[in-house]
Amino acid sequence: MAVAATDKTMKTLYGKLRAAGFNPKYVHSLLPDWWDDEIASTESGFQEASVRLGSIFGVKPSSLRDPTAEPVLQVPQGRRFKRQANRNEHELDVACALSTSAARRVLAALQPLESPIVVPDASVIRDALLAKNPHVDFAVLLDYVWQLGIPVIHIEHLPKDAKKMAGLAYEHNGRPVIILTSTRPHGYLLFDLAHELAHIALGHVTDAKCVVDQDIDKNAEDPDERAANRYALELLTGDPDCAIVPTGRHLTGAELAAAAERYGEKHRVDPLHVALNYGHSTAHWPAVVLAVKTLALKLDGSDQDALRHRLASELRDTDISEDDFRVLARLSGAAVE
């Protein structure tokens, strides 16, 4: 049955996006400043709006153009979900669609690589980074991953009710991308980044499959997750089975901060990771939280700031449009004027 032209308006598109998981307030947060809903009042304008909105929100434009069709989120085929058994994989569809749409936008702006990316063994990376640094911290590893040619993108701004994953390792046209989402400002993203890099290094990610880590669990029973955890620990500590525990009683926050610095200097491990590793080994989290806050006082900016600044730096001399850059900045949680 033919659809009347009057049905093809922004009202139709807003309804489609709401059905896909994007409420109108969220939709407007990612639209360019110049946007006017009248753009969809003509046939050609409706087609243009469908394509632009589909690109931003990861929805198939064809499912937006057809007023009778259900909206279809563009999520990677061959997704391998690493999640708790009682969690529904489809609850991550909105976050996956936004994340992979952002990844494609970044890759489209960057220069193509001359040769495929090969991620070395964890020990090789660690030795190379320790040759120039006292330990492998977030800034050091982030710089290394970008130098490999792997973009690292932070996704923070999601619809209110959308569930998010801890990390996603994705490949598009042969080039991998890492998505991170944690909003905890210091220390936590280091292991997440090493873990997602491990999935790429270990061959868990190809154009035909990506890994979606709803949670990154040190006690995971999945073989790929255990392998990624061991790789990450070896890269960060030199020991794939590293589990830091006290020699006596549990430590207070101040004691743990001081001990983490001593241990880190001796073993060339980031003190923040020492404290968090202690937390995962002992579950003595109140002391860990205080220790991390103490250690973070010596840092300049958050890990999320580092992610945003690096992405902006990498895109600065590309041909990316102002609209696309604004979408990426907003998704990363940056304030956009």
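Me: In this predicted model, does E225 count as buried or exposed at 2% relative accessibility?
Reply: Residue E225 belongs to helix α9, which covers residues 223-237. The cut-off for a buried residue is a relative accessible area under 20%. At 2% relative accessibility, E225 therefore counts as buried.

Me: Which residue has a side chain joined to that of E225 by a polar contact?
Reply: E225, a residue of helix α9, has a side chain that takes part in a polar contact of 2.8 Å. The partner in this contact, again through its side chain, is H199.

Me: How many of the 6 residues of strand β4 are buried?
Reply: Strand β4 runs over residues 175-180, and its residues point two ways, with R175, V177 and I179 on one side and P176, I178 and L180 on the other. In a regular strand the side chains alternate between the two faces of the sheet. Both sets in β4 are buried, so the strand is largely enclosed by the rest of the structure, and the count of buried residues is 6 of the 6.

Me: In which sense do β2 and β4 pair, and which residue of β4 is the bridge partner of H154?
Reply: Strand β2, made of residues 152-154, pairs with β4 over 3 bridges, and the sense of this pairing is parallel. Within it, the bridge partner that H154 finds in β4 is L180.

Me: Over how many bridges do β3 and β4 pair?
Reply: Strand β3 (residues 167-172) and β4 form a hairpin with 2 residues between them, and N173 in the turn has a positive phi of about 55°. The pairing runs in the antiparallel sense, and the number of bridges is 6.

Me: Which residue of β5 stands opposite L168?
Reply: Strand β3 is also joined to β5, antiparallel to it, by 3 bridges. In β5, which spans residues 210-213, C210 and V212 point one way and V211 and D213 the other, and all of them are buried. The β5 residue that stands opposite L168 is V212.

Me: Which helices do the buried residues of α1 pack against?
Reply: Helix α1 covers residues 10-20, and its buried residues are M10, T12, L13, Y14, K16, L17 and A20. After the helix comes G21, whose phi is positive, near 120°. The buried residues of α1 pack against α2, α3, α4 and α5.

Me: How are α1 and α3 oriented towards each other, roughly parallel or roughly antiparallel?
Reply: The two helices pack with their axes 11 Å apart and at an angle of about 20°. The contact is made by M10, T12, L13 and L17 of α1 together with F46, A49, S50, L53 and F57 of α3, and the crossing is right-handed. An angle under 35 degrees counts as roughly parallel, and α1 and α3 are therefore roughly parallel.

Me: Is the crossing of α5 and α14 left-handed or right-handed?
Reply: The axes of α5 (residues 93-109) and α14 come within 11 Å and cross at roughly 140°, which makes α5 oblique to α14. The contact is made by L98, A102, R105 and V106 of α5 with D324, V327, L328 and L331 of α14. The crossing of this pair is left-handed.

Me: How close do the axes of α10 and α12 come?
Reply: Helix α10 (residues 253-267) and helix α12 (residues 285-296) cross at roughly 60°, which makes α10 oblique to α12, and the crossing is right-handed. In α10 the residues G253, L256, A257, A260 and E261 meet A287, V288, L290, A291, T294 and L295 of α12. The axes of the two helices come within 7 Å.

Me: Leaving aside its neighbours within four places in sequence, which residues is T318 in contact with?
Reply: T318 is found in the loop between α13 and α14. Its side chain reaches the backbone oxygen of L315 at 2.7 Å, and a polar atom of the T318 side chain lies 3.3 Å from the backbone nitrogen of I320. Leaving aside neighbours within four places in sequence, the residues that T318 contacts are A109 and L110.

Me: How far apart in space are A162 and R262, C-alpha to C-alpha?
Reply: A162 is found in the loop between β2 and β3, and with a relative accessible area of 21% this residue is partly exposed. A162 and R262 are 100 residues apart in sequence, and their distance in space, C-alpha to C-alpha, is 41 Å.

Definitions and conventions. Residues numbered from 1 in each chain as written. Predicted model: local features only at pLDDT ≥ 70, side-chain atom pairs only at ≥ 80, totals over all residues. Heavy atoms only, no water. Helix = DSSP H or I, 4+ residues; strand = E, 2+ residues; numbered from the N terminus. Polar contact = N/O pair within 3.5 Å; in protein donor to acceptor, adjacent residues only side chain to side chain. Contact = heavy atoms within 4.5 Å. Buried < 20%, exposed > 50% of the residue type's maximum accessible area, 1.4 Å probe, protein only. Pairing = 2+ DSSP bridges. Axes fitted to C-alpha atoms, helices over the stretch in contact; angles between N-to-C directions. Parallel < 35°, antiparallel > 145°, perpendicular 65-115°, else oblique. Left-handed = near helix turned anticlockwise from the far one by under 90°.
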